[in-house]
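Here are a few friendly notes to read beside the structure. Take them one at a time, and keep the picture in view as you go.

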Amino acid sequence: MLASERVRALAGLAEVVAAAQAALVAVVEGSAQHAVEGAPSAVAWLTAETGVSAGAAKRTVSVGRLVERFDATRDAVESGVVSIPKAEVLAAAVLSKGRSLIYERDEAVLVEAVWTLSTAEFSKVVRRWVDLADDDLDT
């Protein structure tokens with residue numbers, strides 16, 4: 001196996017592990033296990049337990065919250081259709097300012113858009129969706 005093939009294979013495995021970690025962190029947060037273990041938040045717990053930066057922990061917790069709440073998104077992340085970077089883009093957009101209500105309506109469209117777009121292109125689509133969702137929330 002060529003080194004480039006191994007890099008691609010490892011990247012795929014890293015995606016699977018990151019998706020599983022996000023889902024499990026959501027369980028830790030939902031059960032308040034982080035508090036039982038003395039951490040004030042799931043982000044603080046994940047930082048202490050894994051050594052990742054607070055920013056990386058926050059993104060993981062956010063993806064966990066997203067996949068816990070939205071079934072089609074969870075399925076797409078678990079299957080690899082939605083990469084972790086794209087799930088982070090979605091989580092940042094969806095889980096703020098009440099947009100989760102609009103995402104419930106638009107989830108299928110946004111998850112479908114992932115198939116054909118790079119992360120940069122998908123980020124642009126999500127930014128446009130944020131503008132439209134905010135308009136819907138303002139009316």
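Is the crossing of α3 and α4 left-handed or right-handed?

1. Before we answer, please keep in mind that this is a predicted model. In this model, the crossing of α3 and α4 is right-handed.

2. Now for the geometry of that pair. Two packed helices are described by the angle between their axes and the distance between the axes. Here the partners are helix α3, residues 42-50, and helix α4, residues 54-69. Their axes come within 8 Å and cross at roughly 125 degrees. Angles from 65 to 115 degrees count as roughly perpendicular and those over 145 as roughly antiparallel, so α3 and α4 are oblique to each other.

3. Which residues make the contact? On the α3 side, look for Ala42, Val43, Leu46 and Thr47. On the α4 side, find Ala54, Ala57, Lys58, Thr60 and Val61.

4. Let's step back to the whole chain. The protein has eight helices and zero strands, so from the N terminus on its elements run α-α-α-α-α-α-α-α. The radius of gyration is 16 Å, close to the 14 Å that the globule rule gives for 139 residues, so the protein is as compact as a globular protein of that length. Along its principal axes, the C-alpha trace spans about 45 × 45 × 25 Å.

5. Finally, a look at the inside. Buried residues make up 34% of the 139 residues. Among contacts between residues at least 6 apart in sequence, 63% join residues at least 24 apart.

Definitions and conventions
Residues numbered from 1 in each chain as written. Predicted model: local features only at pLDDT ≥ 70, side-chain atom pairs only at ≥ 80, totals over all residues. Heavy atoms only, no water. Axes fitted to C-alpha atoms, helices over the stretch in contact; angles between N-to-C directions. Helix = DSSP H or I, 4+ residues; strand = E, 2+ residues; numbered from the N terminus. Parallel < 35°, antiparallel > 145°, perpendicular 65-115°, else oblique. Left-handed = near helix turned anticlockwise from the far one by under 90°. Contact = heavy atoms within 4.5 Å. Rg over C-alpha atoms; globule rule 2.2 N^0.38 Å. Buried < 20%, exposed > 50% of the residue type's maximum accessible area, 1.4 Å probe, protein only.
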